[in-house]
Amino acid sequence: MEEIRYTLDQIPIRHNLISYLMAIGIATAFLLSIAIIARANKKNAPFKLLAAFLICMGLVSTDIFLCYTGLMKYSLQWNDSTEPLVLLLAPLIYLFVLGILERKPFSIKKHIWHFLPAVLYAISQMGYYLQPLSVKLNAYLGAYFSNIPMVRVPPDLSFSYHFIKDQFRWIVLASFILYILLTISVFRRNGKLVTATSNSSRVNKYTFTRFTLISLVIIFTLIFVIFLNFEDDGGDHYIALFVSFSVLVTCFAFIADSRFFENSWLADKYETLASENSGISIDQIKDYVETTNYFLLQSASLKDLSRNLATSPNYISKSINESTGSNFNDFINHYRVQESKKRLLDAKYKHLTIEAIGNSVGFKSKSAFYTAFKKNGKISPTSYVQQHRP
């Protein structure tokens, strides 16, 4: 133990821009995975697979972070413990894309074979996981601090697990190649590899899943290049840096596509009224509604009216509220009720039922018509007809 302590004391702790960027990526991956798990429902269940990917990637990157900074010397028992998780990354991305594009439900029983390589590899490495700290310390030194002398290990230890461990890099590359091809086939089946179906500036599922495929290809390329240039794990921090970048881009995509910065959520109700150019009077609103019979449209809405008047929905809402004391729906329904009163007594509409007249003035249902009519006239349409029709 004294020898181990002496060797551990020689391992330096380093913190630099690379370690800081890795730490940011790791924290973001875990936070984003928690947010996805908390928000994902049955309709967007595939995103739970993305959350699982982020958790695995966060744990693998944490392992790399500890090794790179030297902090692994305080947790040697966990050295290389996340290797099986690397074999889950490509399958999870493939299953995520499959679920998003083809809306196929995920089933452990049906898709368990995708996770078998990771499980089998973990089983094959049980011999390493049970090794004493001296063996794990030497493995760590060989990968990151080859200039520090290794420590003695107990005699008669079995290192049979090395047969599989030495092939780990190629197993990872084979996994990535297989799942990149499978993911591309999903895009081809859906005809979405090159073009998207939407011109919207918002992130759609085709854009997002293509980004995950591109990231998978780049990670594969990085792994291949690093494996060719580094004998052990010394270049893994470059992979972790790219992962951090990908996680941050993913987080940005989620935030950019959310309601967080919409005026209807973030801004105060009448905050957008600060611009003088967006002003419009109640007289202008009434003039437009009356001259175009806008209230007769069942599709009439505050947002649609604001587009027609080229102003802010919030400004229209405030103008109506301050001038009439009512909201937009009551304002429009007042016009509809007044028009319905005319039609209920007009012989030209005698062939229509009361419900049909309600529909003709913009109400979508009989109940909505009766409710608005009573609110405006303190009487039902039927009673109104009985009282006023000769």
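No disulfides: the count comes to zero, taking a disulfide as a pair of cysteine sulfur atoms within 2.5 Å. Cys56 is buried at 9% relative accessibility, and Cys67 is buried at 3%. Buried here means under 20% relative accessible area, exposed over 50%, partly exposed in between, with a 1.4 Å probe and protein chains only.

Some ground rules. This is a predicted model, so to speak of local features we need pLDDT of at least 70, side-chain atom pairs count only at pLDDT 80 or more, and totals for chains, interfaces and linings use all residues. Residues are numbered from 1 along each chain as its sequence is written, and side-chain values use heavy atoms, with hydrogens and water left out.

Now salt bridges. The count is eight, with a side-chain nitrogen of Lys or Arg within 4 Å of a carboxyl oxygen of Asp or Glu. Take Asp80 and Lys165: their closest N and O atoms are 3.5 Å apart. This pair links distant parts of the chain, 85 residues apart. Asp80 sits in the loop between α3 (46-69) and α4 (83-102), Lys165 in helix α9 (residues 162-165). Helices are DSSP runs (H or I, at least four residues), numbered from the N terminus. Asp80 is buried at 10% relative accessibility. Lys165 is buried too, at 14%. Asp80, Glu83 and Lys165 are linked in a network of salt bridges.

In α15, Glu322 and Lys318 lie four residues apart, about one turn. Their salt bridge is 3.7 Å, N to O. Glu322 is exposed at 56%; Lys318 is partly exposed at 30%. In α16, Glu339 and Arg343 are also four residues apart, so about one helical turn separates them. Their closest N and O atoms are 2.9 Å apart. Both Glu339 and Arg343 are buried.

Next, helix α13, residues 282-291. Which residues are buried in α13? Ile282, Ile285 and Val289. Seen down the axis of α13, the buried residues fall within an arc of 60 degrees, so they line one face. That arc is taken from the directions from the helix axis to the C-beta atoms. On the other side of α13, Asp283 and Thr291 are exposed. The cover over the buried residues includes α14 (302-309), α15 (313-324) and α16 (328-345), with contact meaning heavy atoms within 4.5 Å. Just after α13, Asn293 takes a positive phi of about 55 degrees.

Last, Trp113. This residue lies in the loop between α5 (108-111) and α6. Trp113 is partly exposed, at 46% relative accessible area.

Definitions and conventions: Helices (H or I, at least four residues) and strands (E, at least two) are DSSP runs, numbered from the N terminus.
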